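Thank you all for coming. I would like to take a few minutes to walk through one model with you, and to keep close to what has been computed from it.

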Amino acid sequence: MAKPATDALVLDMAEMELREVNSALQGASGNETAFQLVNPRGSHAVAVGLDAPIEVTVKGSTGYYCAGMNKQATVHVEGSVGPGVAENMMSGTVVIDGDASQYAGATGHGGLLVVKGNASSRCGISMKGIDIVVHGNIGHMSAFMAQKGNLVVLGNAGDALGDSLYEARLFVRGEVKSLGADCIEKEMRPEHLEILADLLDRAGADAKPEEFKRYGSARKLYNFNIDHADEY
Amino acid sequence: MCGIVGLFLKSEALRPKLGEMLTDMLITMTDRGPDSAGIAIYGDPGDGLKVTVQSDTPAEAFDGLEIALGELLGTAVPVKVSDTHAVLTIPAGSEEKAVAFLEERGLRVMGVGEAMEIYKEIGLPKDVAARFDLRAMGGSHGIGHTRMATESAVTTLGAHPFSTAADECLVHNGSLSNHNRLRRELARAGFVTKTENDTEVGAAYISSRIAGGASLGEALEGTLQDLDGFFTFVMGTKNGFGVVRDPIACKPAVMAETDDYVAFGSEYRAFADLPGIETARVWEPEPATVYFWER
């Protein structure tokens, strides 16, 4: 979890161009490891493409694609984020104090995305190994075609959760409005409780693994089914 | 892609600043729609009806208009000219006669209402705002749009908002796919659209429902059944505004509320300068859910 560093280098987005800010973060060498971005004012593509174990705190809300393609870095947004936060994240940690808009963590390969508020539609769409923990609710079509990784939701999930799911694991504590095609509830085994306990701990989430249900792929869509030929 | 902004003031004290606040919000949405921009602004209803007209040759078109219309209606008609637009105040009940006369003179009628004035033109939002001095306008609520055209040409009449009934107007981000069939059905029912634009059909649909007795909320609810396509709509009425997104909800929307106002934006950026935004309740409107605020 990101902690606001007291000796962080402050980058004022009211004074600097977005590209300057991102260049400063992307070019961070060993000397500076903590940055504070002030006045983000809903800007797009804040703190994207980072590839070093630095800590970035964003003091306010951002727009589209915050912390996209993140590698190694820890990005903490003290506000809400627009669509596509942590899109295609490879590793590192992204923590959002507020809400996240559409397709949070889309296509992410690794790392941990924590949303302390709600995430809207298509959360974790096509996720490929990222772990996502949402303290609130998620919207419809979340984890659509999700391939790998874990999506943990403390609140409720919207319609068509896990539609056309591959091998991502979905854990929901609250209600699921409806399951998408080929997504089913599955048995919670000890190894899943262990994964959940670790993720909840790392995400600072106050919940017990036993309170969740697990959903996964029925694996019926993996292969063409000749019996259904007339339905296509 | 398009940009939408909306502002509904709860605080009387902010009313003189409505134009200023809405203009800043509108200009922030330039990236989402640099083709054209428009705004509908609602002031206090006064005596009579306000008719907003537009002409590409305002010098000739507005020359003598005050006298000619005054003679036709048998009363003085105050005319407020603002660049290519003019707002004429006519007595209640004379709308049909006045509109026929204005259209006969080649003027484009942008909207009619007790409270509503509409200003829209092609060009960058900052230029459109400057031409009409939008910043100086006060009022109780207003909606604005920055357009990146997809479904019809970049023209003044293709810009948003679209008004299809007194004091009602609609702005839209998205595209409708069943607008041609619906346009014909609405025309048969007496709701004739003026352009090839899909949004105008959406506006006419909502107006037709309201004319049939539906509330604003019911009319917006109806769009979820009867309109096919992508939409985030913001609808202005004399008393307030409403918001609805289609069930897929891929067109962005964010809202903010404080004790002083309710604000709508396609993106949070539009809110960055609003007073008290740091402590406002900010949320994303749910798909297929109608929200409205009225006074």
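This is a predicted model: local features need pLDDT of at least 70, side-chain atom pairs count only at pLDDT 80 or more; totals for chains, interfaces and linings use all residues.

Where the two chains meet, chain B contributes 15 residues to the contact and chain A contributes 13 residues. The area buried between chain B and chain A is about 1000 Å², with 45% of it on carbon and sulfur atoms. On the chain B side, the residues that lose the most area to chain A are Tyr268(B), Arg269(B) and Glu284(B), and together they account for 41% of what that side buries.

As for the polar side of this interface, there are 10 residue pairs in polar contact between chain B and chain A, counting pairs with both residues at pLDDT 80 or more. The residues with which chain B touches chain A divide into 9 nonpolar and 6 charged, with no polar ones. The interface has 1 salt bridge, and in a salt bridge between Arg41(A) and Asp273(B) the N to O distance is 3.1 Å.

Let me now turn to chain B itself, where the domain assignment gives domain 1, covering 2–44 + 120–294, and domain 2, covering 46–113. Their centres, taken over C-alpha atoms, are separated by 24 Å. In the contact between them, 12 residues of domain 1 of chain B meet 14 residues of domain 2 of chain B, and about 1100 Å² is buried, of which carbon and sulfur atoms give 46%.

How many salt bridges cross the interface of these two domains of chain B? The rule finds 2, and the side chains of Lys194(B) and Glu103(B) meet in a salt bridge at 3.8 Å, N to O. By class, the side of domain 1 of chain B that touches domain 2 has 4 nonpolar, 2 polar and 6 charged residues.

Finally, the backbone. In chain B, a cis peptide bond with omega of about 0° joins His160(B) and Pro161(B), and Pro161(B) sits in the loop between β8 (141–147) and β9 (162–165). In chain A, Met69(A), a residue other than glycine, has a positive phi near 60°, and its place is the loop between β3 (55–59) and β4 (74–77). Ala160(A) likewise has a positive phi, near 55°, and belongs to the loop between β8 (148–153) and β9 (169–172) of chain A.

Is Ala160(A) buried or exposed? Ala160(A) counts as buried, because its relative accessibility is 15% and the cut-off for buried is under 20%.

Conventions: Residues are numbered from 1 along each chain as its sequence is written. Chains are lettered from A and ligands numbered from 1 in the order in which they are written. Side-chain values use heavy atoms; hydrogens and water are left out. Contact means heavy atoms within 4.5 Å. Buried area is the accessible area (1.4 Å probe) that two parts lose on being put together, summed over both. A salt bridge is a side-chain nitrogen of Lys or Arg within 4 Å of a carboxyl oxygen of Asp or Glu. A polar contact is a pair of N or O atoms within 3.5 Å; within protein, one must be able to donate a hydrogen and the other to accept it, and residues adjacent in sequence count only if both atoms are side-chain atoms. Ala, Val, Leu, Ile, Met, Phe, Trp, Tyr, Cys and Pro count as nonpolar, Asp, Glu, Lys and Arg as charged, and the others, Gly among them, as polar. Helices (H or I, at least four residues) and strands (E, at least two) are DSSP runs, numbered from the N terminus. Buried means under 20% relative accessible area, exposed over 50%, partly exposed in between (1.4 Å probe, protein chains only). Domain bounds come from an automatic or database domain assignment.
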